[in-house]
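Visitor: I've got a new model open on my screen and I'd like to walk through it with you. Can we just chat our way around it?

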Amino acid sequence: MTTPPGPTTQRLMLMRAAVLHGAEDIRMEEVPIPVPGSGEVVARVDVASVDFTDRKVFLRGQHPMIKVPGLFGHEWVGTITAVGPGVHGRWRPGQRVVAANSAPCPPVRRTPDSFGEADAVCRQCRRGRQSMCENIQYNNGAFAPYILVPSRLVRMNLYAIPADTPPERVVLTEPLACVVHAVRRVAIHPLDTVVILGAGPMGLLWVNALRRRYGPDLTIVSLDHADERLAVAKAMGAGYGLNSKGGNAQELLEAAVGRPDADVVVEVIGTVETHREALGLVGRGGTLVSFGGIVPGPTLPVDFGRLHYEEISIQPIYHHTPADVAEAVRQLVAGEVPVERLITARLPLSELRTALQMIGDRATLRPVLVPDR
Ligand SMILES: [Zn+2]
């Protein structure tokens, strides 16, 4: 048996990539540069983004999205360097691309003899809830010089971007897709008051997405403990930036907008305590959007009498769908999102630990990693 020389030579080539081994145990290791299999694509990573989820995964050493030990990082923009067998036409080396970090069930190709294949698509995807896909496939490995894009992701969530679009402009595709998904699903009236609890990068994307979608009459309040973040919130569309550190959020809200509550309160931090605070700010007929993720376990008592008689809804929203990712790419390529206000630090890939520390210290909004050159 002989092996074709090309792939063998490639398989011997190594790269220095971040490998997560466990809680707070991340190592830059020599690993093989990936070689694309059937339907797969390999891309050179031009820029990767480090987010708060990466920080959480680093501290916990585990997450449903990642296998440990394993390659790390899920937000990236790159250039295709190799395509596997069966990848036709649309994808070719040299193309600039961005991908989501996951793919739900691919649609079944209906042919006369495909009877029964609907079972290959999970129940949640069949009922239109792709963010709840039971077979969702996650992809990691953005904190590396090269990344493998699995075939399902190539089919469902890989996007070409114009060659003249700076990679940094689209590197926030995945977080923006989560916001696009949520904003699409939350019922908001253009005259509502909306409070965004948390002015980190996600909260700021929320502020901006709401302003662009609902126009000038929507009252948008950003709540945070950091004045410099609140200033960015106002620059990105918030009518009010309130610092609730050491203060009473309801009183601050009343002083600012004339009422102590809001029609929609979006929790973008991801703790039980901030969910409690957010729920306390929801007024009659209002909605708490649970957007920040919490490790399952902790509980929060809820007054169901109040929920019933005041028709208060709790709407949790997680992740995104391919349509949301496509819309996020469109908005970013078109320059509709002022990402330059969010990307506040640039470090070489080898400084990943520093980037994770900066996020933990809230010393920067969003650091991005560029190749060591
Ligand atoms: Zn599915």
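Visitor: Which residues of helix α10 are buried?
Guide: In α10, which covers residues 272–280, the buried ones are T274, H275, A278 and L279. Buried means under 20% relative accessible area, exposed means over 50%, and partly exposed is in between, using a 1.4 Å probe and protein chains only. Helices are DSSP runs of H or I with at least four residues, strands are runs of E with at least two, and both are numbered from the N terminus.

Visitor: Before we go on, what kind of model is this?
Guide: It is a predicted model, where local features need pLDDT of at least 70, side-chain atom pairs count only at pLDDT 80 or more, and totals for chains, interfaces and linings use all residues. Residues are numbered from 1 along each chain as its sequence is written, and side-chain values use heavy atoms, with hydrogens and water left out.

Visitor: Back to α10, then. Where do its buried residues sit around the helix?
Guide: Looking down the axis of α10, they fall within an arc of 140°, so they line one face of the helix. The arc is taken from the directions from the helix axis to the C-beta atoms. As background, an α-helix has 3.6 residues a turn, so residues three or four places apart point the same way.

Visitor: And what do they pack against?
Guide: The buried residues of α10 pack against β11 (193–197), β14 (262–267), β15, α11 and β16 (313–316). Contact here means heavy atoms within 4.5 Å.

Visitor: What about α8, which residues are buried there?
Guide: α8 spans residues 227–235, and R229, L230, V232 and A233 are buried in it. Those residues fall within an arc of 155° when α8 is seen down its axis, so they line one face of the helix. On the other side of α8, D227 and E228 are exposed.

Visitor: What's packed against the buried side of α8?
Guide: Its buried residues pack against α7 (201–214), β12 (219–224) and β13 (240–243). α8 is followed by G237, which has a positive phi near 130°.

Visitor: New topic: how many aromatic pairs are there?
Guide: The structure holds two. Rings of Phe, Tyr and Trp (its six-membered ring) pair if their centres lie within 6.5 Å, with planes under 30 degrees apart called stacked, over 60 edge-to-face and the rest tilted.

Visitor: Where do F72 and F143 lie in the chain?
Guide: F72 is in the loop between β4 (70–71) and β5 (75–83), and F143 is in the loop between β8 (137–138) and β9 (146–149), so the pair links distant parts of the chain, 71 residues apart. F72 and F143 are both buried.

Visitor: And the W206 and F291 pair, what's its geometry?
Guide: W206 and F291 are edge-to-face, 5.5 Å centre to centre, with 90° between the planes. W206 lies in helix α7 and F291 in the loop between β15 (282–290) and α11 (304–309), so the pair ties together parts that are 85 residues apart in sequence. Both W206 and F291 are buried.

Visitor: How many cavities does the search find?
Guide: Two of 30 Å³ or more, searching the whole structure. On a 1 Å grid over the protein atoms alone, a cavity is a set of points where a 1.4 Å probe fits but cannot get out, a pocket is an open set with protein on both sides within 12 Å along at least five of seven lines, and lining residues have an atom within 4 Å of a point. Grid points are joined across faces, edges and corners, and a volume is the space filled by probe spheres set on the points.

Visitor: What lines the largest cavity?
Guide: The largest cavity holds about 60 Å³ of space, and its lining includes V45, A48, F143 and L349. The lining divides into ten nonpolar residues, no polar and no charged. Ala, Val, Leu, Ile, Met, Phe, Trp, Tyr, Cys and Pro count as nonpolar, Asp, Glu, Lys and Arg as charged, and the others, Gly among them, as polar.

Visitor: And the second largest cavity, what's in its lining?
Guide: Among the lining residues are D54, H63, F72 and N140. The volume of that second largest cavity is about 40 Å³, and its lining divides into four nonpolar, four polar and one charged.

Visitor: Is N140 buried or exposed?
Guide: N140 counts as buried, at 18% relative accessibility. N140 sits in the loop between β8 and β9.
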